[in-house]
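Dear colleague,

Please find the structure below, handed over for your records. My findings follow directly after it.

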Amino acid sequence: MNTMRKKAAFAGINLLLAFSFVLFFGQETSPLWNGFSASGDAVMFALVGRGITEGVLPYKELLENKGPLFFFIQALPQYFIKGTLGIYILQSTVLFAELELMDGLYNSGHGGKRYAYLVKELFLALLSLVYSRGNMAEEYNLFITLLGFYSIKSVFGGKFVHEKFPALILGGGYWQALSF
């Protein structure tokens, strides 16, 4: 199997892991648990996001104490697919990107794909303990944090040509942390 096919196969495994993890543990947005429990923060976040798509002003007509970036992230999938299915797809896509970033962080000299999947299985096992039925701000913050780690690793590994790009990523990560 050539290198591109191997990368595509491993990305497919990550995609399957991400969508199945959110399907089983993301009870607030998963199509598998449709109509489960409509309570808690996750529902309020989705409600404010949906309100934005319908023209409601956050912090005035719907109040929740998260930052505006998080609510616009919640509103984005609901522009295209009403309800929780759009949020489920977004959650799964973000988790897929996190798993791909973990591959990029781990695979540069630490034992290859076999150990990378062991690390990701451990990560998903720990994440399942704190996942709290899904659709939480931490899911999206983790992506930016991993992106920052990846940019730092790339600078010390000598992969970036321009030194300001990692600073831009880290600065953007700091900005989004304040916006959540």
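Phe80 is exposed, with a relative accessible area of 68%, where exposed means over 50%, buried under 20% and partly exposed in between (1.4 Å probe, protein chains only). Phe80 lies in helix 3; helices (H or I, at least four residues) and strands (E, at least two) are DSSP runs numbered from the N terminus.

This is a predicted model, in which local features need pLDDT of at least 70 and side-chain atom pairs count only at pLDDT 80 or more, while totals for chains, interfaces and linings use all residues. Residues are numbered from 1 along each chain as its sequence is written, and side-chain values use heavy atoms, with hydrogens and water left out.

Phe80 belongs to a nonpolar surface patch together with Leu76, Tyr79, Ile81, Leu85 and Ile89, and the accessible area of the patch is about 590 Å². Helix 3 and helix 4 are the elements that give two or more residues to this patch, and helix 3 provides the largest share, three residues. Patches consist of residues with over 30% relative accessible area and no salt bridge; nonpolar side chains (Val, Leu, Ile, Met, Phe, Trp, Tyr) are joined within 5 Å, like charges within 9 Å. A salt bridge is a side-chain nitrogen of Lys or Arg within 4 Å of a carboxyl oxygen of Asp or Glu. Accessible areas come from the Shrake-Rupley method with a 1.4 Å probe, and for residues only the protein chains shown count as cover.

Ile144, in helix 6, is partly exposed, with a relative accessible area of 22%. The C-alpha atoms of Ile144 and Gly172 are 8.4 Å apart, although 28 residues separate them along the chain.

Overall, the protein chain has seven helices and zero strands. Of its 180 residues, 35% count as buried.

Yours sincerely
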